[in-house]
Amino acid sequence: MASMARSSSAIAYPDRFYAAAAYAGLGSSQDSSKAAISRFQNENALLLYGLYQQATVGPCNVSKPRSWNPIEHSKWTSWNSLGNMPSQEAMRLFVKILEEEDPAWYSKVPESAPEPVVEVEKPSKESASHHDNSVSVPKDTAIDNGSFVETQDKDVILEGLGSVAVYDQWVSLSVTGRQPKARYEHAAAVVQEKMYVFGGNHNGRYLNDIQVLDLKSLTWSKVDTKMTSDSSQELLSPCAGHCLIQWGNKILAVAGHTKDPSDVVTVRSFDTESCTWCVLNSYGKAPIARGGQSVTLVGSSLIMFGGEDSRRSLLNDLNILDLETMTWDAVEAVGTPPSPRSDHTATVHANRYLLIFGGGSHSTCFNDLHVLDLQSMEWSRPKMQGTLPTPRAGHAGVTIGENWYIVGGGDNKSGVSETMVLNMSTLVWSVVTTVQGRVPLASEGLSLVLTSNNGEDILVAFGGYNGRYSNEVHVLKPSHKGMLQQKMLESPAGANVDPVLPTSNGVRDIEYEDQAQDGKVREIVMDNPQSDSMLQKSDEAKERIIVSLKEDKENLEASLSAEHSLTSRLKQELAEAQTANADLTEELRSVRGQLASEQSRCFRLEVDVAELRQKMQQMEALQKEVELLQRQKAASDQAAANAARRQSSGGVWSWIAGSPPETKSVEA
């Protein structure tokens, strides 16, 4: 149908939810519940209102309104009955109910639907003096679950990236030029000290612009792009959830969600010198189109893992594209692969090990780490140490040497505020820094790139979504690698690390030992000359770990016992409900039989009534005939009486005239 040309299934959450809320009349500055009630029945309107509050605000923590106000009481009851339902689940249930009420709702949403209003305030910036070419930024204030929190003071120096003096702290940059539209699920890459940002998602609308931030002058500019002359397209299709890979002076855009998705993954190339796009032809069996996947450059090949296709099916397949021959190859690795997921991150270590971290499914987020040996093509899930990261999806990551930095992401409830780093040789996690409040760095769908200034590495983060779309730029200068490694080795966890991945400095040697029976299990052994001196510290750390594991085991056993008890009670309640259902079914069957008998008796009575009506009509006809005969008899009697009187009158006159009447004989 023409009216269904625009499909809501191509929109990712949360934008699909906000589009549905805008159509239902929710999310505006007016009384949203009244707008919804005017469109739907009261029960559905109240349910939509409760789901909207659950998705945008969270569980109901307001006091119960007075009972004499039935509308407010019903709204509060609808919201409070949802309990601790996750925000993402509330969003999906909201859209599902709306689609049941009006399957064609998305085709009726205007193209210029307003951005949803979320109770988050943008940090205010006060004017400051420009002494020494610097700006002192006051404490940024944001709203997080109704309470005000403050971030740390930061001095932002307006002389470019080289003047950022603090280490391991995020700094908000003051940039010039026309800032790009706020967005998330975009991608970024650095070419010749310029950060190129392509595509993304803003309020449910996919973008296809290219914005460039000059990392020397910190100036934004928009690139006017065009397609190559041999291309059949005039403009590049807007997309989100794609990946950007630097390939010389070109940028490769791989996969991504589009409004009109193709059947297979598309690879597009952008020439930064001529500012032209072209779609690259590929060979082999190209993988199914998707978004939210990871794409990692290893040598001259791109390794793509996972993602979500246009039908919202999660994937965990592995595909490799040879950039020299542009040939796709589907890889079947041994071992247990990561579960299907999207919005995860991936990187490569020592040009041999592919690491997959985090991501999410439709109902949960992950914090697991999976490693693929690119030589043996075998999956493994190594043990991690240190401060383990929380589950997250929509985060971003970059590598500096042996360190993998993870920034942002969310867990269906809130954004993740910790910036984590993983030493890929020792598999030790540590926290670099933590941001306070609902700031852009605690967002999903942000981009993260690596640049350098005066020989120092700098992380640059842009955009994201955490209740509002962001177009802010933040930078972080990591501390020196040697200092970071020393800090990890001095920690208790670092003293008890069994390395799983090799380093590139030759300190550790890699040995493979075939295990009994299957011969497929391998381990990497570290030859550490300082192991003897660290043995005592390692034993103490192991004892602490054992004690901690025992406590965890006891807690898990207690939780398991409680779950068993709950399961037994639920089974009993289910059995009782089934028994009650059987009784009600039997009673319903009996009532149905009685109803059928009554219907039969009513039918017979209707037949008898019809017969009686027919007899009554016949009796009425007979009565009319009797009345007619009676009238005829009366008329005949009257005529006979009149004749007799006339005869009697004739005899009198004869007597008067002297001739008496003749005597008539009467017959016996």
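This is a predicted model: local features need pLDDT of at least 70, side-chain atom pairs count only at pLDDT 80 or more; totals for chains, interfaces and linings use all residues.
Colleague: Is Asp373 buried or exposed, and how do you know?

Modeller: The cut-off for buried is under 20% relative accessible area. Asp373 comes to 9% relative accessibility and therefore counts as buried.

Colleague: What sets Glu185 apart in its backbone?

Modeller: Most residues other than glycine have a negative phi. Glu185 is not a glycine, yet its phi is positive, at about 60°. Glu185 sits in the loop that joins strand S5 (170-172) to strand S6 (187-190). Its relative accessibility is 12%, and the limit is under 20%, so Glu185 is buried.

Colleague: What about the phi of Asn203?

Modeller: Asn203 also is not a glycine and has a positive phi, about 55°. Its place is the loop between strand S7 (194-202) and strand S8 (205-214). With a relative accessible area of 12%, Asn203 falls under the 20% limit and is therefore buried.

Colleague: Why do you describe H1 as largely enclosed by the rest of the structure?

Modeller: The description holds because 9 of the 10 residues of H1 are buried. They are Asp15, Arg16, Phe17, Tyr18, Ala19, Ala20, Ala21, Tyr23 and Ala24. Just after H1 comes Gly25, with a positive phi of about 90°.

Colleague: Which residues have the most contacts inside the largest nonpolar core?

Modeller: That core has 27 residues, and those with the most contacts inside it are Phe17, Leu26, Leu51, Phe94 and Trp105. Two or more of its residues come from each of helix H1 (15-24), helix H3 (42-56) and helix H5 (87-101). H1 gives the largest share, 7 residues.

Colleague: What is Phe17 in contact with, beyond its neighbours within four places in sequence?

Modeller: Phe17 has heavy atoms within 4.5 Å of those of Tyr52, Ala55, Thr56, Met91, Phe94 and Val95, which makes these residues its contacts. There is also a second, separate core of 19 residues, and Ala188, Leu213, Leu218 and Ile458 are among them.

Colleague: At what angle do H1 and H5 pack, and what is that arrangement called?

Modeller: The angle is about 50°, and the axes are 9 Å apart.

Colleague: How many helices and strands does the protein chain have?

Modeller: The protein chain has 7 helices and 33 strands. It has 668 residues, and 41% of them count as buried. Among contacts with a separation of 6 or more, 57% are between residues 24 or more positions apart.

Conventions:
Residues are numbered from 1 along each chain as its sequence is written. Side-chain values use heavy atoms; hydrogens and water are left out. A nonpolar core is a set of buried Ala, Val, Leu, Ile, Met, Phe, Trp, Tyr and Cys residues joined through side-chain atoms within 4.5 Å. Buried means under 20% relative accessible area, exposed over 50%, partly exposed in between (1.4 Å probe, protein chains only). Helices (H or I, at least four residues) and strands (E, at least two) are DSSP runs, numbered from the N terminus. Axes are lines fitted to C-alpha atoms, for helices over the stretch in contact, and angles run from 0 to 180 degrees between N-to-C directions.
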